[in-house]
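Reader: Can you walk me through this one? I'm new to reading structures.
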Amino acid sequence: MSKLVIDTIEGKTTAGSVNVRGEGSNNTNLQQGLAKAWAGFDTGGNLGDSLNISSADDDGTGNFGINFTNNMANNNYSATTNIADFTHNGSGNNLRCCTVGVRNSNSVEIDQGYTNSSAIFIFYDGAEMCCSVNGDLS
Amino acid sequence: MSTIVGTNIEVTNIKYDSDTTSMIISNAGQVSVKSEGQAITTVKLQQGLIKQWLYLDHVNATIKSSLNTSSFTDTNNGRGDFNLTSAFTSVNDYGANYTGNAYNGNSWNTNTANVKMNWNSTNTTTKYDFASYSDGVSAYLDSLYAYSLAFGDLA
């Protein structure tokens with residue numbers, strides 16, 4: 001048999017768990033290895049390309065959020081974020097930061113800003129950012 | 001044909017219909033899938049999978065959830081190692097990304113974090129290191145919310 005014509009593959013023991021052979025001899029898990037949501041968006045809350053994202057929010061200066069189409073199982077998921085390089089005019093104001101804030105099962109908050117010369121964090125609309133979410137879907 | 005229930009299916013192509021191939025399985029067990037735009041038929045499924053991820057509460061030294069993570073070693077303030085269950089092929093065959101908020105109370109001034117990966121140059125096929133640094137207090141600090149992921153070639 002060389003062809004299998006199907007719509008859905010699911011695990012036999014657990015429907016939502018399929019093991020896949022990795023590049024070598026170790027196995028990894030298909031569902032656990034898939035990013036459950038990702039997005040690129042700008043500081044105006046304008047969503048670029050994305051997966052499982054219904055919308056992006058501009059919640060104020062340096063405060064943003066992305067909302068999931070399909071919710072995560074809980075808020076114990078992993079979310080990583082990065083920011084495009086930006087500059088801020090001001091002496092010593094060059095330490096930039098983009099971090100994950102509150103995580104909910106249906107959304108995640110992302111904050112960005114810079115640390116000024118007095119080591120005070122200032123919320124700031126810096127540049128486009130991206131986020132990737134890994135964990136268990138509901 | 002609507003359902004196949006079994007342990008082993010030996011197959012080369014998985015198709016929606018006779019004209020539409022969704023996946024191709026090589027003799028090494030590697031799976032190629034069709035791209036979203038359908039122009040590329042050789043997107044590598046295994047290469048696209050995240051091989052390790054976790055959510056770490058570094059302040060309380062607790063892994064909240066994870067994949068392919070056996071433990072983490074708290075090496076110093078704001079610094080540590082993530083230890084993997086299944087190894088990567090070599091130290092040159094994987095990448096990692098880390099996000100943390102160096103935590104010193106509920107204040108943005110002290111929660112900002114600059115992060116580093118492989119800062120101590122001690123990465124191995126089953127371990128990579130990380131660091132969180134707070135500009136607010138000019139010190140390495142544990143992150144209450146730390147997230148990390150790694151991708152590449154499993155051994």
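This is a predicted model: local features need pLDDT of at least 70, side-chain atom pairs count only at pLDDT 80 or more; totals for chains, interfaces and linings use all residues.

Reader: Okay. How many residues of chain A are in contact with chain B?
Author: On the chain A side, 45 residues are in contact. They meet 51 residues of chain B.

Reader: What area is buried between chain A and chain B?
Author: About 4000 Å². Carbon and sulfur atoms give 58% of that area.

Reader: How many salt bridges does the rule find across the interface?
Author: It finds 1 between chain A and chain B. Over all chains, the structure holds 2 salt bridges.

Reader: What about polar contact? How many residue pairs are there across the interface?
Author: The rule finds 16 residue pairs in polar contact between chain A and chain B, both residues being at pLDDT 80 or more.

Reader: Which strand gives the largest share of the chain A side?
Author: Strand S9 of chain A, residues 95-104. It supplies 6 residues of the side that touches chain B.

Reader: How do the residues on that side divide into nonpolar, polar and charged?
Author: On the side of chain A that touches chain B, 17 are nonpolar, 20 are polar and 8 are charged.

Reader: What is the order of the open sheet of 5 strands?
Author: The order is S1(A)-S1(B)-S2(B)-S3(B)-S4(B), and the pairing is mixed. The edge strands are S1 of chain A and strand S4 (43-44) of chain B. Each of those pairs on one side only.

Reader: Now the sheet with 4 strands. What's its order?
Author: That open sheet in chain B runs S6-S5-S13-S9, with antiparallel pairing. Its edge strands are strand S6 (62-67) and strand S9 (94-102). From one strand to the next, the twist averages 10°.

Reader: How many bridges join S5 to S13 in chain B?
Author: 5 bridges join strand S5 (residues 52-57) to strand S13 (residues 143-152). In chain B, Leu54(B) stands opposite Ser148(B) in S13(B).

Reader: Last one. Where is Thr43(A) found?
Author: In the loop between strand S4 (37-41) and strand S5 (47-51) of chain A.

Reader: And what is Thr43(A) in contact with, leaving aside neighbours within four places in sequence?
Author: Its contacts include Asp58(A), Phe64(A), Gln112(A) and Met129(A). As for Asp57(A), 14 residues apart from Thr43(A) along the chain, the two C-alpha atoms are separated by 8.7 Å.

Technical notes:
Residues are numbered from 1 along each chain as its sequence is written. Chains are lettered from A and ligands numbered from 1 in the order in which they are written. Side-chain values use heavy atoms; hydrogens and water are left out. Two strands pair if DSSP finds at least two bridges between them. Helices (H or I, at least four residues) and strands (E, at least two) are DSSP runs, numbered from the N terminus. Axes are lines fitted to C-alpha atoms, for helices over the stretch in contact, and angles run from 0 to 180 degrees between N-to-C directions. Contact means heavy atoms within 4.5 Å. Buried area is the accessible area (1.4 Å probe) that two parts lose on being put together, summed over both. A salt bridge is a side-chain nitrogen of Lys or Arg within 4 Å of a carboxyl oxygen of Asp or Glu. A polar contact is a pair of N or O atoms within 3.5 Å; within protein, one must be able to donate a hydrogen and the other to accept it, and residues adjacent in sequence count only if both atoms are side-chain atoms. Ala, Val, Leu, Ile, Met, Phe, Trp, Tyr, Cys and Pro count as nonpolar, Asp, Glu, Lys and Arg as charged, and the others, Gly among them, as polar.
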